[in-house]
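Here is a short note to read alongside the model, point by point. Please keep the structure open while you go through it.

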Amino acid sequence: FRTVVSATDAFPQSCVANAIHVGMGAKSAQRDSTAGTPESFLIQSRDLYGNNVLYDPFKPLDVFAAVMQTLGMSCDEFGMPLNEGAVCLVATVKNNFDSTHTVSYTPRVSGKYELTATLVKPGARMTISNSPFKSVVKSSIVSVENSVVNAEVMYHRAGKLIMNSTADAFTSFNVIARDEFDNIVENSNVNFEGYASRRGVVVGDMASYRNDITLMSNNDGTYEVSYTVTFAAMYTLSIEQGGLQIKGSPFELSIVPGKLLPSACTCQGGGFAGGMAGNPTTYTIVARDLFGNQLLEGGAQWTVHVYTAKDLLLGAEVSSIRPVPVDNNDGTYLVTYLSPETGPHRIMT
């Protein structure tokens, strides 16, 4: 007579995950993935004696579950983190009705993970034989438009990123190369380009001026951006690659004047050229930095000597007229003096 021997119920320590990259036996199981790339593997359902548990319409279906979690941290069966900072991902498990179950998932956050596959029984979840296994999720390719600036010198104003720097000051910050899922692409080989551009500041000057900016890879997914600009003005700072701008680019770059340099300061106005005896005469001191940029605020202390013709004739060390400049609080100072004499005068500021 004939008889049919069927497999008994699925036994967790006999069930096994099968897939490329999943190690077997004594070797620790490992599966490498790329962020955004769908992954799948099979779970083979077996009984205590290693027999494949085939579909039986008269028995309850085997149910398996799989949860991916940050290595060294924990998630519950619903994919909720049990540790702060844990990344959890619940996989989809499909019964193929041939003793196998397909586990599918798409990781999006790079890092080291542990994937736990369990056999679900009433009131219990039991880990299968080669579970958990480790998984390393690598970042995807660089997304230029999702790469960002990490700069302490930046701040927000009216919804825009603004950066301040001083004329001739060496300024640097980092650009972080990221994929579309915000992962840092540590092996990035993208060649970013950067430049600061501005329009002419003199009336009628419609030309466009450009300063190229250096970007150097730190070989860890970040790029050091460095520049030195000497002309104080408002610039547009662009960081791009292949015609695509990074996130937030172009930025507004404000180059402000440097420190006051007396030898670079200038005087302007009719009073500096001369005047009429007995009438008040004025001229303006313009405070400038090393590169001739006009300072935008006051606070400087000036000493002005106006030597009359008599002072010059007598060789006086101290002038007879010593006006006190008025601070306009915009980098300019108004000087007013009145000389009772005619003839040559000397002004020292």
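1. Before turning to the first sheet, one term is needed: two strands are said to pair if DSSP finds at least two bridges between them. The model discussed here is a predicted one. With that term in hand, one can follow an open sheet of four strands, which are arranged in the order β1-β3-β7-β6 and pair in the antiparallel sense. At its edges are β1 (16–18) and β6 (92–95), each of which pairs on one side only. Direction ignored, neighbouring strands of this sheet are turned against each other by 30° on average.

2. Within this sheet, it is worth looking at strand β3 (residues 39–44) and strand β7 (residues 100–105), which are joined by six bridges and run antiparallel. As background, the strands of a sheet pair through backbone hydrogen bonds, either parallel or antiparallel.

3. A second open sheet also deserves a look, with four strands in the order β21-β22-β25-β24 and antiparallel pairing. Here β21 (266–268) and β24 (326–327) stand at the edges with a single partner strand each, and therefore one side of each has no neighbour in the sheet. The antiparallel pairing of β21 with strand β22 (residues 281–286) rests on three bridges, and Gln268 has Thr284 in β22 as its bridge partner.

4. Turning to the aromatic side chains, the model contains five aromatic pairs, counted where ring centres lie within 6.5 Å. One of them is formed by Phe192 and Tyr223, whose rings are 4.9 Å apart from centre to centre, with 85° between the planes. Why is this pair edge-to-face? The angle of 85° is over 60 degrees, and so the pair counts as edge-to-face.

5. Because Phe192 lies in the loop between β14 (171–176) and β15 (193–199), while Tyr223 belongs to strand β17 (residues 222–227), their pair ties together parts that are 31 residues apart in sequence. Are the two residues buried or exposed? Phe192 is buried, with a relative accessible area of 8%, and Tyr223 is likewise buried, at 4%.

6. Phe41, Tyr105 and Phe133 are linked into a cluster by ring pairs. The charged end of Arg198 sits over the ring of Tyr209, at 4.3 Å from its centre, and Arg210 lies over the face of Tyr195, 4.0 Å from the ring centre.

Technical notes: Residues numbered from 1 in each chain as written. Predicted model: local features only at pLDDT ≥ 70, side-chain atom pairs only at ≥ 80, totals over all residues. Heavy atoms only, no water. Phe/Tyr/Trp six-rings, centres within 6.5 Å; stacked < 30°, edge-to-face > 60°. Helix = DSSP H or I, 4+ residues; strand = E, 2+ residues; numbered from the N terminus. Buried < 20%, exposed > 50% of the residue type's maximum accessible area, 1.4 Å probe, protein only. Lys NZ or Arg CZ within 6 Å of the ring centre and 35° of its normal. Axes fitted to C-alpha atoms, helices over the stretch in contact; angles between N-to-C directions.
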